[in-house]
Amino acid sequence: MESLRHPLGYMKKDKIVAGYCRSASVSEGGSSSVDEQKKVLRQLAKDRRIVIRQLYVDEGASGMTPKRTALKRLLRDCEDGKISTVLIPSLDRIARDSRLLAVVLYIFRHLNIQVISVKGDMDSLGKLRQPWD
């Protein structure tokens, strides 16, 4: 598969940039935590001149459990080779449990998925800072 030059580095053709947001509470009108997270991701994408092609959202889901519909779908799409980069507002959106976070980051790394966390300047492929540095 042909590689294309991209502001985030080299990305595979036909793969997409995805965003992931999670909130433990469900919004009842007005602006929610998920809405704010989406704004943060859109700004990052704009700053880097990229397009988020798929947004995965778990609203009303605890960060302590892997039993989240959107997270499962995101991981499945990554395993299927559909996604090259995942943008997240912060690492705690993936998981609040350190073991679960380590497992999910390991899966992304094993699949060579670039993960960029806005808060904390983390880039799993080393373009910013590794979470274990």
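**Exercise 1. Find which residue just after helix H1 takes a positive phi, and describe H1 itself.**

Step 1. Just after H1, Arg49 has a positive phi of about 55°. Helices (H or I, at least four residues) and strands (E, at least two) are DSSP runs, numbered from the N terminus. The model is predicted: local features need pLDDT of at least 70, side-chain atom pairs count only at pLDDT 80 or more, and totals for chains, interfaces and linings use all residues. Residues are numbered from 1 along each chain as its sequence is written, and side-chain values use heavy atoms, with hydrogens and water left out.

Step 2. Check the length. H1 covers residues 33-47, 15 residues in total. From first C-alpha to last, H1 reaches 21 Å, close to the expected 21 Å. The expected span is 1.5 Å times one less than the number of residues.

Step 3. Sort by burial. Buried means under 20% relative accessible area, exposed over 50%, partly exposed in between (1.4 Å probe, protein chains only). Val34, Gln37, Leu41, Leu44 and Ala45 are buried in H1. Viewed down the H1 axis, these buried residues fall within an arc of 100°, so they line one face of the helix. The arc is that of the directions from the helix axis to the C-beta atoms. Arg42, Lys46 and Asp47 are exposed on the other side of H1.

Step 4. Find the cover. The buried residues of H1 are covered by elements including S3, S4, S5, H3 and strand S6 (114-117). Contact here means heavy atoms within 4.5 Å.

**Exercise 2. Work out which residues of helix H2 are buried and what covers them.**

Step 1. H2 spans residues 69-79; Ala70, Leu71, Leu74, Leu75, Asp77 and Cys78 are buried. They fall within an arc of 160° seen down the axis of H2, so they line one face.

Step 2. Thr69 and Glu79 are exposed on the other side of H2.

Step 3. The cover includes strands S3 (16-23), S4 (52-59) and S5 (83-88), plus helices H3 (91-94) and H4 (98-110).

Step 4. Just after H2, Gly81 takes a positive phi of about 80°.
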